[in-house]
Amino acid sequence: MKTKSKAQVPVGCVAPEDVPDAFFQLACTNTALRRATRRLGQLYDDAIGPLGLKATQFGLLVAIHGLTDEGKGPTLNDVAARQLVQISALTHALRPLVRDGLVALNPDPEDRRSKRATLTPAGRERMQQAVSRWAQANGRVETTLGPGVAGGLRALADLIASERFLDAYRSGRPLEGS
């Protein structure tokens with residue numbers, strides 16, 4: 001591999017000292033949203049932390065509950081799709097919930113290669129306990145931002161998470177109707 005002698009930077013790469021200062025001042029939507037998500041996550045974690053849950057775990061309990069149909073829990077693929085996460089990240093996130101007896105994973109009787117997730121009685125109880133704490137934190141966020149800003153933020157987040165946004169991004173065109 002050819003490199004510059006001055007900083008031993010591979011050809012085709014930019015040495016840190018050659019990056020223009022203007023680059024660091026560019027608005028980065030990803031960074032801004034990740035920072036905002038971490039801040040909100042910390043607030044919700046603080047609210048439900050006394051119950052031994054993190055916001056992501058509560059989200060999984062709610063997703064499993066919401067996808068359960070007539071007592072039949074969702075497949076892990078269904079949960080991953082709902083949460084927009086890779087299956088490997090989902091199985092990693094489920095481990096403590098399974099370990100703590102809040103979620104059970106069982107083979108799908110129709111397709112033994114798939115697993116289905118169900119809330120245990122302890123999982124349903126913990127989720128119910130967390131709902132009021134979650135709602136209180138959510139109410140405080142709503143009050144702090146104001147209903148208009150909070151509603152707009154949710155609408156924008158839903159838009160970015162949508163297939164419509166993904167299709168427009170992949171095709172390099174602006175969203176229609178936005």
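Mentor: H1 gives the largest share of the lining of the largest pocket, twelve residues. This is a predicted model, in which local features need pLDDT of at least 70 and side-chain atom pairs count only at pLDDT 80 or more, while totals for chains, interfaces and linings use all residues. Residues are numbered from 1 along each chain as its sequence is written, and side-chain values use heavy atoms, with hydrogens and water left out.

At least two lining residues come from each of H1 (29-48), H2 (55-67), H3 (76-83), H4 (87-99), H5 (121-145) and H6 (147-160); helices here are DSSP runs (H or I, at least four residues), numbered from the N terminus. The space in this pocket is about 2,000 Å³, and of its 38 lining residues, Thr37, Leu40, Gln83, Ala157 and Ala161 are the closest to its centre. A pocket is an open set of points on a 1 Å grid over the protein atoms alone where a 1.4 Å probe fits, with protein on both sides within 12 Å along at least five of seven lines; lining residues have an atom within 4 Å of a point. Volume is the space filled by probe spheres set on the points, which are joined across faces, edges and corners.

By class, that lining holds 21 nonpolar, nine polar and eight charged residues (nonpolar: Ala, Val, Leu, Ile, Met, Phe, Trp, Tyr, Cys and Pro; charged: Asp, Glu, Lys and Arg; polar: the others, Gly among them).

The second largest pocket has about 330 Å³ of space. H5 gives the most to its lining, seven residues, and Leu40, Asp46, Arg133 and Leu153 are among the residues that line this pocket. Its lining has seven nonpolar, two polar and three charged residues.
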